[in-house]
Amino acid sequence: MNNLQAPIMIEGIAAIIERYRAVVLDLWGVLHDGEVAFPHAITALNALRNKQLDICLLSNSPRRAYQVAKHIESMGIGPPQYNYIVTSGELVYKALEDASDDWHRALAARYFHIGPPELAGLLRGLDRFEVFSPRDADFILTTGASTQPPKEVAALLKECALRKLPMVCANPDLVVLVGDQLVVCAGALAEQYEALGGEVLYHGKPYSSAYRRALDLLGYERHEVLAVGDSLRTDVAGGRNEGIDVLFITSGIHRDAAGDFSAGKLPSAQFFAGEPVVPTFAASLFRW
């Protein structure tokens with residue numbers, strides 16, 4: 001499908017799934033809202049497994065994959081319902097563990113963390129250790145919105161930029177829905193840092209490395225795989241740029257702008273105006 005064509009509106013994934021052998025599935029905004037799983041999404045997930053489709057969960061969570069697996073299991077999404085789970089946090093961990101490329105190999109051991117305190121331990125188990133001032137750091141790890149006031153964070157970013165510290169971003173998302181609240185993610189801080197002239201390396205969607213990892217695990221060709229997500233900037237752009245069909249879920253982070261696409265209504269032309277790519281399909285919810 002041409003990237004610039006309007007998406008095909010569907011009621012549920014059952015209408016299109018016969019042409020695919022696997023699904024790359026977003027978590028937040030598709031399967032759950034950060035607090036509870038959506039019953040209709042669990043039904044769809046179970047139906048996909050009954051159809052023998054392989055499932056790779058692909059999340060921009062700045063946590064290790066096993067931590068996210070434990071979290072979603074507490075919501076009722078367990079290992080029998082998917083084959084693989086890839087998180088941006090796990091991609092960061094593996095990139096720094098293996099350091100198989102020049103950029104990561106050049107990073108020394110000391111990192112300054114910007115983000116929620118509970119996420120500072122993302123690199124635990126590696127030969128890296130946290131320091132608590134930019135002047136002591138070799139690089140920055142950002143995992144999300146800091147608990148510090150915005151002015152203090154801005155000052156820290158400025159100091160890091162002056163010291164030319166490279167930044168590793170463990171979540172390229174700008175915002176995420178937690179319940180009904182939009183929460184700032186690491187991608188927003190990384191954009192601030194780039195605006196100051198800082199160098200950032202992102203792990204996760206929409207970057208090709210995240211999709212290559214999912215495709216390698218699944219073992220299928222791109223035309224055999226459907227991606228599902230609620231973000232135009234990450235899920236849709238990432239999947240389409242990788243040559244994968246994408247089902248866009250309109251009730252996630254874009255729900256206020258997207259409006260109600262249910263009952264076969266097509267997205268307005270204005271909604272997709274300016275987007276470099278558009279989804280293959282659109283649905284109001286991830287449901288069967």
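The model is predicted, and the values below are computed from it. Its largest pocket has a volume of about 440 Å³, while the second largest pocket has a volume of about 380 Å³. The sheet described here is an open one of 5 strands, and the aspartate, Asp-33, is buried.

**The largest pocket**

- The largest pocket, with its volume of about 440 Å³, is lined by 31 residues, and those closest to its centre are Trp-28, Pro-62, Asn-171, Val-176 and Cys-185.
- Three elements, namely β9 (175-178), β10 (181-184) and α8 (232-241), each supply at least two residues of this lining, and β9 gives the most to it, with 4 residues.
- Sorted by class, the lining of the largest pocket holds 14 nonpolar, 10 polar and 7 charged residues.

**The second largest pocket**

- The second largest pocket, with a volume of about 380 Å³, is lined by 18 residues, of which Leu-91, Lys-94, Ala-95, Ser-209 and Arg-213 are the closest to its centre.
- At least two residues of the lining of the second largest pocket come from each of β4 (84-87), α3 (88-98) and α7 (208-218).
- Sorted by class, the lining of the second largest pocket holds 7 nonpolar, 4 polar and 7 charged residues.

- Asp-33 is found in the loop that runs between β2 (22-25) and α1 (39-50).
- Asp-33 counts as buried because its relative accessible area is 14%, and buried means under 20%.
- The side chain of Asp-33 reaches the backbone nitrogen of Glu-35 at 2.8 Å, and the side chain of Asp-33 also reaches the backbone nitrogen of Val-36 at 2.8 Å.
- Although Asp-33 and Val-176 are 143 residues apart along the chain, their C-alpha atoms are separated by 8.9 Å; Val-176 is also one of the residues closest to the centre of the largest pocket.

**The five-stranded sheet**

- The 5 strands of the open sheet follow the order β6-β5-β7-β8-β11, and their pairing is parallel.
- The edge strands of this sheet are β6 (129-131) and β11 (200-202), each of which pairs on one side only.
- From one strand to the next, the twist of the sheet averages 35 degrees.
- Strand β8 (residues 167-169) pairs with β11 in the parallel sense over 3 bridges, and Leu-201 in β11 is the bridge partner of Val-168.

How values were computed:
Residues are numbered from 1 along each chain as its sequence is written. This is a predicted model: local features need pLDDT of at least 70, side-chain atom pairs count only at pLDDT 80 or more; totals for chains, interfaces and linings use all residues. Side-chain values use heavy atoms; hydrogens and water are left out. On a 1 Å grid over the protein atoms alone, a cavity is a set of points where a 1.4 Å probe fits but cannot get out, and a pocket is an open set with protein on both sides within 12 Å along at least five of seven lines; lining residues have an atom within 4 Å of a point. Grid points are joined across faces, edges and corners, and a volume is the space filled by probe spheres set on the points. Ala, Val, Leu, Ile, Met, Phe, Trp, Tyr, Cys and Pro count as nonpolar, Asp, Glu, Lys and Arg as charged, and the others, Gly among them, as polar. Buried means under 20% relative accessible area, exposed over 50%, partly exposed in between (1.4 Å probe, protein chains only). A polar contact is a pair of N or O atoms within 3.5 Å; within protein, one must be able to donate a hydrogen and the other to accept it, and residues adjacent in sequence count only if both atoms are side-chain atoms. Two strands pair if DSSP finds at least two bridges between them. Axes are lines fitted to C-alpha atoms, for helices over the stretch in contact, and angles run from 0 to 180 degrees between N-to-C directions.
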